[in-house]
Every structure is written in structure tokens, then in C-alpha cells.
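The following note sets out points on helix packing and on pockets for the structure shown below.

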Amino acid sequence: MLKCNKSPREKASVLQNVSKTCAAQTIAKYRESGEVNDRRRNNRPKATSPRDDRDLARLAEQNRNASVPVLRTRLQDRCCKKVSVMAVSRLLRTQGLHSYIAVRKLLQTAVFRTNRRIWCRQKRN
């Protein structure tokens, strides 16, 4: 089909549900590289090394109640690299460390609510 003297539009009309742009790009890709597979893409380099990932997991296990921004600053102090909060959160999830919310909450009795309301009014003023 590549060797026949037809325009990409005519070639696309032979193949159903293919646009002329797709046909033209596929032909150009085949002529350039001899393949129609996707080219290998370069990925962005990781912000942390596997050793930094292990250090982060160790920090998180030692400080169970530490927030992600706190863990991030401690990691940056250790490895001297800039790491975003989302990257740290993602790394913790890949290490199997997830955040959980307690199933049982404290009961709010009437006495508790009135004491809380009084405390709030005192703090507000």
C-alpha cells in the first residue's frame, strides 16, 4: 500500500475509520525509521534515589504522626535535593505507607458539646 501512487487521503479512504492525517503521519514515520511503532521516549529523571526512598520510609515509620511537609523537610535536610510534597506523598504510597482515618470517633455527648461551646466562646473573645 505504501508503494502505490495514491495520496494519503485515498489510502485513508481504503482503510476505514482512519483519518488522512493519521495515514500521512504513519507513512512519514515508516519512511523515516522503517517502523510504525512508537519511538522510545525519554522520561524525566527521578527526584530521589532508591536510597533516599528507603530513608524516607524509615523516617515515616519512626515518626508515625509526622505530616508529609515535615517528612519532606527532613528528607531535604538529609539528601540536599529539592523534592515536592506530592512526590513525597507518592513515594510513601509506593512504599506501602498510606494515611488512614480512625473508624471510631469520640462520642459527642451533650456535656461535651456545651463544654466545647464555652471553650470556643472564651477563645473567640
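1. The model is predicted. In it, V68, L71, R72 and L75 of helix α4 are in contact with V85, V88, S89 and L92 of helix α5. Sorted by class, this contact between α4 and α5 comprises six nonpolar residues, one polar residue and one charged residue.

2. As to the geometry of this pair, α4 spans residues 68-79 and α5 spans residues 85-94. Their axes come within 9 Å and cross at roughly 100°. Angles of 65 to 115 degrees count as roughly perpendicular, and α4 is therefore roughly perpendicular to α5.

3. The largest pocket holds about 330 Å³ of space. Its lining consists of 14 residues, and those closest to the pocket centre are V68, L92, L97, H98 and S99. V68 and L92 also belong to the residues through which α4 and α5 meet.

4. Which helix gives the most to the lining of the largest pocket? That helix is α5, with three residues. Both α4 and α5 supply at least two residues each to this lining. By class, the lining of the largest pocket has seven nonpolar, five polar and two charged residues.

5. The second largest pocket has a volume of about 280 Å³. Its lining is formed by R44, P45, K46, A47 and T48, together with S84, A87, R90, L91 and T94. The residues lining the second largest pocket comprise four nonpolar, three polar and three charged.

Methods: Residues are numbered from 1 along each chain as its sequence is written. This is a predicted model: local features need pLDDT of at least 70, side-chain atom pairs count only at pLDDT 80 or more; totals for chains, interfaces and linings use all residues. Side-chain values use heavy atoms; hydrogens and water are left out. Axes are lines fitted to C-alpha atoms, for helices over the stretch in contact, and angles run from 0 to 180 degrees between N-to-C directions. Helices (H or I, at least four residues) and strands (E, at least two) are DSSP runs, numbered from the N terminus. Angles under 35 degrees count as roughly parallel, over 145 as roughly antiparallel, 65 to 115 as roughly perpendicular and the rest as oblique. Contact means heavy atoms within 4.5 Å. Ala, Val, Leu, Ile, Met, Phe, Trp, Tyr, Cys and Pro count as nonpolar, Asp, Glu, Lys and Arg as charged, and the others, Gly among them, as polar. On a 1 Å grid over the protein atoms alone, a cavity is a set of points where a 1.4 Å probe fits but cannot get out, and a pocket is an open set with protein on both sides within 12 Å along at least five of seven lines; lining residues have an atom within 4 Å of a point. Grid points are joined across faces, edges and corners, and a volume is the space filled by probe spheres set on the points.
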